[in-house]
Structures are given as C-alpha cells and as structure tokens.
Amino acid sequence: MEKAHHSTDLLKVTERVYFHQYGPARRAPAGRVAKGNTYLYMARFDCCRDAAARRKFDHWYGDVYAPRLLASEAIGSVARYRLYRVLMDQPVVIPEFLSVIETHGDTAAQALQQVSRVSDGLTGADRANVSIAGGKASIFLQINDVRRR
C-alpha cells in the first residue's frame, strides 16, 4: 500500500483503528436456531461526560439493553469494544466505543429491523441511551470462508 494514504486501486483505507473488548460478549440462549443470513450490526459511539455517567451507561447497556436484544429470536450475540489506538498519517477523531450485534434475517433490511424493534419498545432514559448506543451504525453480511475438501 502506498505510504501516503495506505491505499491501492482496489482498496481505499480511510482509517485503521484498534479496539479491545469492553466487558464480556453476551450470547443468545443455547439451542436457539438462527434463521436466515447472519448480519453484523456495528455502531460506533461516544457515551459519557464523566465517570459517574459512564458507570450508569455501562449498567444500562449490560443489564437492560443487551438482555432486551437477546430476548429477540433474531439476535445471536451482543459485544462492546473500546477504542485504544488509531493509526493514520493525518489525525483522525473517532467515537470511543463500538457495539457489535449479531442479527439474522433474509435481507439486510430485515436484520436491521430486528435491532430497531428493541429500540421501538423503550421509553424515557432508555430511549435516550439507545440514541447514544446506535451512534453511527452500519450493517454487514457475514461471509464465511468456503471449506476446502
């Protein structure tokens, strides 16, 4: 890759970030059968103005939001990561946290709707927290490697 922008004709690298897992990943109950394709809903966000607000948000995320997501038949796991390093030639400011939710559906729109349904059922402070945790979100189809014979 060229030094100036770390890009090639086929791939343009806009940032290189490293995260570490922030708390344990939570998984759906054993025995649940996923239907449809597997998608990864990824949302990057900043959360809190101080340590007390972070503790309150962490409690909400782990004890309210993740269990509500996992109550849905279409959600397989929920994990959160914290940024620890950005490598770029130019300074880049990005959100501190990354939330990764494994969801299932026949289409990306259907998989995204599975995550959105949880938000639709929340009110008050819970809804405000979801707007933070939803941050800048994208959804990706998980593609598994082909096994060789």
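**A strand and its partners**

Mentor: In strand β5, the bridge partner of T38 is H104. Before going further, please note that this is a predicted model, in which local features need pLDDT of at least 70 and side-chain atom pairs count only at pLDDT 80 or more, while totals for chains, interfaces and linings use all residues. Residues are numbered from 1 along each chain as its sequence is written, and side-chain values use heavy atoms, with hydrogens and water left out.

Strands here are DSSP runs of E with at least two residues, numbered from the N terminus.

Two strands pair if DSSP finds at least two bridges between them. Strand β3, residues 37-45, pairs with β5 in the antiparallel sense through 9 bridges. Strand β4, residues 75-87, is also antiparallel to β5, with 7 bridges; within β5, E102 stands opposite S77.

Let us turn to the disulfide. The whole structure contains 1 disulfide, the term denoting a pair of cysteine sulfur atoms within 2.5 Å. C47 and C48 form this bond, with their sulfur atoms 2.0 Å apart. The torsion about the S-S bond of C47 and C48 is about -95°, so the disulfide is left-handed. C47 is buried because its relative accessible area is 16%, whereas C48, at 22%, is partly exposed.

Conventions: Helix = DSSP H or I, 4+ residues; strand = E, 2+ residues; numbered from the N terminus. Buried < 20%, exposed > 50% of the residue type's maximum accessible area, 1.4 Å probe, protein only.
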